[in-house]
Amino acid sequence: MAYDRTDANRFGTEAFYASIGRAFVAMCAAIPVLFAIEAIDGWLDNPFDTAAGIVPRRIEGLDGVFFAPLLHHGFEHLYSNSVPLILLGTFVLAAGVRRFLYSTLLIIFVSGLGVWFTGSPNTIVVGASGVIFGYFGLLLMRGIVERSWWNFGVVLLVGLLYGWQLIGLLPTDPRVSWQGHLFGFLGGMIAAVIFRARRPVSGVPY
């Protein structure tokens, strides 16, 4: 069986490992940006959360749909999101920059609108957890639609490490936006279907 050794989506090729490495470095580089935003926000007495967070069912809080994932309620909140964001984001980004960007935007949009429509109007929602759950849903669904054992393996690994956090899809803690988690997860599954890798046409060596 012949296959393209330069295919970054095929497990075991040099291109695959190089893609994983580049994606990991890129995700690690993104985290300091979030910490810088949080540091500036804290130094200014937290105006960003109020100005750019999601305020459900209020027009003035609608812009938070796209800005809220960049903000966090303190460094402890950001710390808890950093490792899973790097881990999941690495595997999503490794499949291609364009697919990563389109998928991330769709996840942010679905998660944010879900929060805006269903959340409590007396709250301000910030944080990247909706994106994290979106990446989890994306990898899970990608394994199904692309018939990729590699993606199933990634989901199994992440499930063993962070599977307990799936309880965040349910309304168990009033301080946690379960709506963002749930709609982010659904957004990731939708993104996996829309931006799935296309199978090669007949006649191409496999």
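**Helix contacts, ring pairs and burial in a predicted model**

User: Is the crossing of α6 and α8 left-handed or right-handed?

Analyst: In this predicted model, the crossing of α6 and α8 is right-handed. The two helices, α6 with residues 129-145 and α8 with residues 178-194, pack at an angle of about 35 degrees, and their axes are 6 Å apart. On the α6 side the contact is made by residues including Gly-130, Phe-133, Gly-134, Gly-137 and Arg-142, while on the α8 side Gly-180, Gly-184, Phe-185, Gly-188 and Ala-192 are among them.

User: What makes up the contact of α6 with α8, in terms of nonpolar, polar and charged residues?

Analyst: The residues of this contact divide into 11 nonpolar, eight polar and one charged.

User: Why is Arg-142 called buried?

Analyst: Arg-142, which lies in helix α6, has a relative accessible area of 2%. The limit for buried is under 20%, so with its value of 2% Arg-142 is buried. Leaving aside neighbours within four places in sequence, Arg-142 is in contact with Phe-91, Val-92, Ala-95, Arg-99, Arg-147, Ser-148, Asn-151 and Ala-192.

User: Why does Ser-103 count as buried?

Analyst: Ser-103 is found in helix α5, and its relative accessible area is 1%. Apart from neighbours within four places in sequence, Ser-103 is in contact with Leu-138, Ala-191 and Phe-195.

User: Why is the ring pair of Phe-100 and Tyr-135 called tilted?

Analyst: A pair of aromatic rings is described by the distance of the centres and the angle of the planes. For Phe-100 and Tyr-135 the centres are 5.9 Å apart and the planes stand at 35 degrees. Centres must lie within 6.5 Å for a pair, and planes under 30 degrees apart would be stacked while planes over 60 would be edge-to-face, so this pair, at 35 degrees, is tilted.

User: What does the pair tie together, and what makes its two residues buried?

Analyst: Phe-100 lies in helix α5 and Tyr-135 in helix α6, so the pair ties together parts that are 35 residues apart in sequence. Phe-100 counts as buried at 12% relative accessibility, and Tyr-135 counts as buried at 2%, because the limit is under 20%.

User: How many aromatic pairs are found in the whole structure, and which residues do ring pairs link into a cluster?

Analyst: A search of the whole structure finds eight aromatic pairs. Ring pairs link Phe-35, Phe-75 and Tyr-79 into a cluster.

User: What makes Asp-45 and Asn-46 stand out in phi, although neither is a glycine?

Analyst: Most residues other than glycine have a negative phi, and most peptide bonds are trans. Asp-45, however, has a positive phi of about 70 degrees, and Asn-46 has a positive phi of about 60 degrees. Asp-45 lies in the loop between α1 (14-43) and α2 (47-52), and Asn-46 has its place in the loop between α1 and α2 as well.

User: Why is Asp-45 called exposed, but Asn-46 partly exposed?

Analyst: Exposed means over 50% relative accessible area, and partly exposed lies between that and the limit for buried, which is under 20%. At 63% Asp-45 is over 50%, so it counts as exposed. Asn-46, with 37%, falls in between and is therefore partly exposed.

User: What makes Val-154 buried, and where is it placed?

Analyst: Val-154 is in helix α7, and at 2% relative accessibility, against a limit of under 20%, Val-154 counts as buried. Not counting residues up to four places away in sequence, Val-154 touches Phe-91 and Leu-139.

User: Where in the chain is confidence lowest, and where is it highest?

Analyst: Confidence is lowest in helix α7 (residues 149-162), at a mean pLDDT of 73, and highest in helix α5 (residues 97-118), at 96. The chain averages a pLDDT of 84, and 82% of the residues score at least 70. Over residues 201-206 the pLDDT is below 50.

Note on methods:
Residues numbered from 1 in each chain as written. Predicted model: local features only at pLDDT ≥ 70, side-chain atom pairs only at ≥ 80, totals over all residues. Heavy atoms only, no water. Axes fitted to C-alpha atoms, helices over the stretch in contact; angles between N-to-C directions. Helix = DSSP H or I, 4+ residues; strand = E, 2+ residues; numbered from the N terminus. Left-handed = near helix turned anticlockwise from the far one by under 90°. Contact = heavy atoms within 4.5 Å. Nonpolar A, V, L, I, M, F, W, Y, C, P; charged D, E, K, R; others polar. pLDDT = per-residue confidence, 0-100. Phe/Tyr/Trp six-rings, centres within 6.5 Å; stacked < 30°, edge-to-face > 60°. Buried < 20%, exposed > 50% of the residue type's maximum accessible area, 1.4 Å probe, protein only.
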